[in-house]
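Please keep the sequence and the model in view while reading.

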Amino acid sequence: MDFVAKQMVGKQLGAVKGAIGSNAEEQDPEEKKKQDEEEAAIAEARREAEDRRKEKHQKMEAEREVMRQGIRDKYGIKKKEEKEAEQEQMDQSGRIGRKKENSRRDATRCSC
């Protein structure tokens, strides 16, 4: 019963609010210009905040990379990019023996 009453009152209230409120078409040109300027200012502030955030993260990532490089140097660990480059060089230079895929296939054939 309460639900039905709320529905009826809500619909009537919505109709009244729509009639009282001003539409965007009815706004003065000065108000519309002022709103456009505010929106532009807000968009610019967001862009500036995003740029500051990106700069902050780039700085933090650079600091982390320095720390990572120090650890790599300390323990003699190669960077992933360097390892991948060496792998490609080994593959291009040729391989002695069979590939792993072939050896697995041959192992399944042999019933020793």
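This is a predicted model: local features need pLDDT of at least 70, side-chain atom pairs count only at pLDDT 80 or more; totals for chains, interfaces and linings use all residues.

## Charged pairs along a helix

The side chain of R64 meets that of E61 in a salt bridge, and because the two residues are three apart in helix α2, about one helical turn separates them. E61, itself partly exposed at 36%, also forms a salt bridge with R68. Through shared partners, salt bridges join E61, R64, E65, R68, R72 and K79 into one network. Another pair, E50 and R53, lies in helix α2 as well, again three residues apart. The whole structure holds seven salt bridges, among them these:

| Salt bridge | N to O distance |
|---|---|
| E50 and R53 | 2.7 Å |
| R64 and E61 | 3.7 Å |
| E61 and R68 | 2.9 Å |

Helix α2 covers residues 29–75, with Y75 within it, and its end C-alpha atoms are 69 Å apart, which agrees with the 69 Å that its 47 residues should span at 1.5 Å a residue. After α2 comes G76, whose phi is positive, near 70 degrees. Y75 counts as exposed because its relative accessibility is 55%, and together with M67, I71 and I77 it forms a nonpolar surface patch of about 450 Å² of accessible area.

Taken as a whole, the protein has four helices and zero strands, and of its 112 residues 1% count as buried. Its accessible surface comes to about 11300 Å², of which 52% belongs to carbon and sulfur atoms.

Key
Residues are numbered from 1 along each chain as its sequence is written. Side-chain values use heavy atoms; hydrogens and water are left out. Patches are made of residues with over 30% relative accessible area and no salt bridge: like charges are joined within 9 Å, nonpolar side chains (Val, Leu, Ile, Met, Phe, Trp, Tyr) within 5 Å. Accessible areas come from the Shrake-Rupley method with a 1.4 Å probe; for residues, only the protein chains shown count as cover. A salt bridge is a side-chain nitrogen of Lys or Arg within 4 Å of a carboxyl oxygen of Asp or Glu. Buried means under 20% relative accessible area, exposed over 50%, partly exposed in between (1.4 Å probe, protein chains only). The expected span of a helix is 1.5 Å times one less than its number of residues.
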